[in-house]
Structures are given as C-alpha cells and as structure tokens.
Amino acid sequence: MAKNTPPPLCLKCSKPMSFMLVKTGGRKFRCSHCDVPAPPKAPEVKNLLSSELKPPV
Ligand SMILES: [Zn+2]
C-alpha cells in the first residue's frame, strides 16, 4: 500500500481534491473550490422555463 498517495488534481483549478463521502453512497474526490452546491436552476432550465412562459405565436 502506498503511504502517501497524492490526491488527484482538480481539472478546473489544478488544486488537490479532497476525499469526501457522498450522500449517494461511496466516496469520491471532490474539489472544495469547484464542487460547490449546484444552483437551484441551471441556465438551461431557466431558458426552458422562460421560453415556456412565452405565449405561442
Ligand atoms: Zn477545483
């Protein structure tokens, strides 16, 4: 077993990621800088909703 296995680096910010438990089960490396909770509505959803709000032409 390796004693000090360096964590994988984040693809976005190139910082070492943290090994965290995930609610869905299991563990995975996550970047504390980039893996922030997703906003309630993604831009695509927002666009979809706004387009649906428009009356049909
Ligand atoms: Zn990152």
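M20 has a relative accessible area of 32%, and is partly exposed. The model is predicted.

Q: Why is M20 called partly exposed?
A: Buried means under 20% and exposed means over 50%. M20 has a relative accessible area of 32%. That value falls in between, so M20 is partly exposed.

Q: What makes G26 a contact of M20?
A: Contact means heavy atoms within 4.5 Å. M20 touches G26, and also R27, K28 and R30. Residues up to four places away in sequence are not counted here.

Q: Where does M20 sit in the secondary structure?
A: M20 lies in strand β1, residues 18-21. The C-alpha atoms of M20 and C31 are 9.4 Å apart. Along the chain, 11 residues separate the two.

Q: Why is C31 called buried?
A: The cut-off for buried is under 20%. C31 has a relative accessible area of 2%. Therefore C31 counts as buried.

Q: Is C34 buried or partly exposed?
A: C34 is at 23% relative accessibility. Buried needs under 20%, and exposed needs over 50%. So C34 is partly exposed.

Q: How do you know that C10, C13, C31 and C34 are donors of the zinc ion?
A: A donor is an N, O or S atom within 2.8 Å of the metal. The SG atoms of C10, C13, C31 and C34 lie 2.3 Å from the zinc ion. They meet the cut-off, so they count as donors. In sequence, the donor residues are spaced C-x2-C-x17-C-x2-C.

Q: Why is the site of the zinc ion called tetrahedral?
A: Four donors count as tetrahedral if all angles lie between 85 and 135 degrees. The angles among the 4 donor atoms are 101 to 117°. They fall in that range, so the site is tetrahedral. For four tetrahedral donors, the ideal angle is 109.5 degrees.

Q: How do you know that β1 and β2 pair?
A: Pairing takes at least two bridges between the strands. β1 and β2 (residues 27-30) are joined by 4 bridges, so they pair. The two strands run antiparallel. L21 has R27 in β2 as its bridge partner.

Q: What do β1 and β2 form?
A: They form a hairpin, with 5 residues between them. In the turn, G25 has a positive phi of about 110°.

Q: What pattern does the protein chain follow?
A: Along the sequence, the pattern is β-β-α. The chain has 1 helix and 2 strands. Of its 57 residues, 7% are buried.

Technical notes:
Residues are numbered from 1 along each chain as its sequence is written. This is a predicted model: local features need pLDDT of at least 70, side-chain atom pairs count only at pLDDT 80 or more; totals for chains, interfaces and linings use all residues. Side-chain values use heavy atoms; hydrogens and water are left out. Donors are N, O and S atoms within 2.8 Å of the metal (3.2 Å for Na, K and Ca); water is not among the atoms, so sites may look incomplete. Four donors count as tetrahedral if all angles lie between 85 and 135 degrees; four count as square planar and six as octahedral if opposite donors are over 155 degrees apart and all others between 65 and 115; anything else is irregular. Buried means under 20% relative accessible area, exposed over 50%, partly exposed in between (1.4 Å probe, protein chains only).
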